[in-house]
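Please examine the structure shown below. The paragraphs that follow lead through its elements and their surroundings.

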Amino acid sequence: MKQSAKKSCAATKGNGTACGAAALPGSQFCFFHDPAKAAARRQAQSAGGLANRMATLPADAPDVKVEDAADVVKLLSATINQTRRGEVDPRVANAVGYLANIVLAATASANWKTGSPNWKRWLKTGGNQRERAG
Ligand SMILES: [Zn+2]
C-alpha cells in the first residue's frame, strides 16, 4: 500500500500526547518539531518579534515638562506628529493622551486650591452658570 501523503508528526508534546500536526514532506516531523527546521523557526520568531515590537522614542529621549495646559498642548502636538511619522506607536500615543488629560484635571484642581480668580468668579455665579456676555 502506498504511504499516505499526509502523515502525522512523530513527536510527542510536553503533556505526553502525540503532536498530530501534518508532517513536512520528506520528514517524520512537523515544522515545529523537525530538528532540521530549528534555524528557520528561530528566524521566524525573531521576525515576528520585530514586527510586533511597539514603536517608541529612544530610551535616551529627553524628558518633557508637563505642568500646565501649555505644556500639554506642546506634548500632544509633538506626539501627534511622531505618531504620524510612525516614530511612536498609536497605543503609546493613546497613553500619552490619557495621561495628559489627567495632568489637565490635576492643574485645574490645583488652580481651584490656589484660588484662581476664574474659579472665584465661577463660584459667585452660583457655580453652575456661565458668565453672561455684556
Ligand atoms: Zn509536531
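Glycine 86, which has a positive phi near 80°, follows helix H2; helices (DSSP H or I, at least four residues) and strands (DSSP E, at least two) are runs numbered from the N terminus. The model is predicted: local features need pLDDT of at least 70 and side-chain atom pairs count only at pLDDT 80 or more, whereas totals for chains, interfaces and linings use all residues. Residues are numbered from 1 along each chain as its sequence is written.

Helix H2 itself covers residues 69-84, and its end C-alpha atoms are 22 Å apart.

Helix H3 (residues 90-113) contains glycine 97. The C-alpha atoms of glycine 97 and leucine 75 lie 9.1 Å apart, with a sequence separation of 22 residues. Glycine 97 counts as partly exposed because it has 15 C-beta neighbours inside 10 Å; a residue is buried with 20 or more other C-beta atoms within 10 Å of its own, exposed with 12 or fewer, and partly exposed in between, with C-beta atoms placed from the backbone.

Across the protein there are four helices and zero strands, in the order α-α-α-α along the sequence. Of its 134 residues, 4% count as buried.

Confidence is expressed as pLDDT, the predictor's score for each residue from 0 to 100. The protein averages 83, and 80% of the residues score at least 70.

Note on methods. The expected span of a helix is 1.5 Å times one less than its number of residues.
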